[in-house]
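Subject: Structure handover

Hello,

Here is the structure I promised to pass on. Please open it first, then read the notes below.

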Amino acid sequence: MPLVTSTEMFKKAYEGGYAIGAFNINNMEIVQAITDAAAELKSPVILQASAGARKYANSVYLVKLVEAALELHPEVPMVLHLDHGADFAVCKDCVDNGFTSVMIDYSSHSFEENIEESRRVADYAHEHGVVVEAELGTLAGIEDDVKVEHGNESYTRPEEVEEFVTRTGVDSLAIAIGTSHGAYKFKPEQCTRNEKGILVPPPLRFDILEEVMKRLPGFPIVLHGSSSVPQEYVKIVNENGGKMPDAVGIPEEQLRKASTLAVCKINIDSDLRIGLTAGIRQHMAEHPDHFDPRQYIADGRANVKAIVAHKIKEVLGSDGKI
């Protein structure tokens, strides 16, 4: 099947109490790992490209890589999504070049400016059969060109969501309830430590999510910055020359709970990067004579596939939903 939009995916996810994984893509191996896992588990999937990915790989390559995955797995519903489109021009470029979903992220601007730019993107995208995600509230952390210092983030204000969705016409809404971009989502002083000395982040603000649900019944909600930073892979990185002290993510049980509510799309990026890096570092440490990238990148790819499969089954609940 060709690339699809997320409209039908989100409708089924909302009604079924699960979420669709939106996994960031940067190269061939990551696309392979994500789509192979989705095919094996019979899960729909969203492949998303950030500004950094488009700069690194070029949108033409990314689109062709996804087309190749579709040819190999025609049974898997796939969306190609722009993650954190900075403005109308960026979103328009992706609409014009094969993306089936775009996110306009004007959340750092005023409420009225956010509405104006989001509506402009939605009007253009809908004319071309493309769906649109926007954001209210801002997440802390770093993801490519999106940088918000801790302390400057802001939770979504539920009293604004109805007006925003009505005036913009967007198809889904990313909200801020305590998730954060990057592998270092929280400062140590924001957390407690468990008996193993591992940082435990503050809980997500489910009260905000539930209030948004009341105000937007049936409307698909998105969570950005939702990597869990799996400690087994962080450990492998650190044991093989890496340095990732106090890297901590969102507890998976909280994400699973969110997916049973109104959250239909959960964004995962840092976990894939860490898994890929862990595989490469471990391989190079164990085989210092190897110089063929097909050898060490293959180990990283295997980790990414395992992470995606775990997320689909244990966090998102989207397995068997094709």
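**Around K313**

Leaving out residues up to four places away in sequence, K313 touches L41 and D319. Please keep in mind that this is a predicted model. K313 sits in helix α12, which covers residues 293-316. The residue is partly exposed, and its relative accessible area is 42%. S43 is 270 residues away from K313 along the chain. Even so, the C-alpha atoms of K313 and S43 are separated by 9.2 Å.

**Aromatic pairs**

How many aromatic pairs are there? The count comes to two.

One is formed by F88 and Y124, with ring centres 5.7 Å apart. Their planes stand at 80°, and planes over 60 degrees apart count as edge-to-face, so this pair is edge-to-face. The pair links distant parts of the chain.

F111 and F164 make up an aromatic pair that is tilted. Their centres are 6.2 Å apart, with 45° between the planes. F111 lies in helix α6, while F164 lies in helix α7 (residues 158-168), so this pair ties together parts 53 residues apart in sequence. F164 is buried, with a relative accessible area of 0%.

**Charges over rings**

F88 comes up again here. R120 lies over the face of F88, 3.9 Å from the ring centre. R205 lies over the face of Y155, at 5.0 Å from the ring centre.

**Nonpolar cores**

The largest nonpolar core has 84 residues. Which of them touch the most other members? They are I25, I34, V102, L173, L209 and I221. Helix α2 (residues 28-41) gives this core its largest share, eight residues.

L173 is worth a look in the viewer. Setting aside neighbours within four places in sequence, L173 has contacts that include A134, L136, V161 and V165. F164, from the tilted pair, is also in contact with L173. So are L216, F219, P220 and I221, among others.

There is also a second, separate core of nine residues. Its members include F10, Y18, I46 and C264.

Best wishes

How values were computed:
Residues numbered from 1 in each chain as written. Predicted model: local features only at pLDDT ≥ 70, side-chain atom pairs only at ≥ 80, totals over all residues. Heavy atoms only, no water. Phe/Tyr/Trp six-rings, centres within 6.5 Å; stacked < 30°, edge-to-face > 60°. Helix = DSSP H or I, 4+ residues; strand = E, 2+ residues; numbered from the N terminus. Buried < 20%, exposed > 50% of the residue type's maximum accessible area, 1.4 Å probe, protein only. Lys NZ or Arg CZ within 6 Å of the ring centre and 35° of its normal. Core = buried A, V, L, I, M, F, W, Y, C linked by side-chain atoms within 4.5 Å. Contact = heavy atoms within 4.5 Å.
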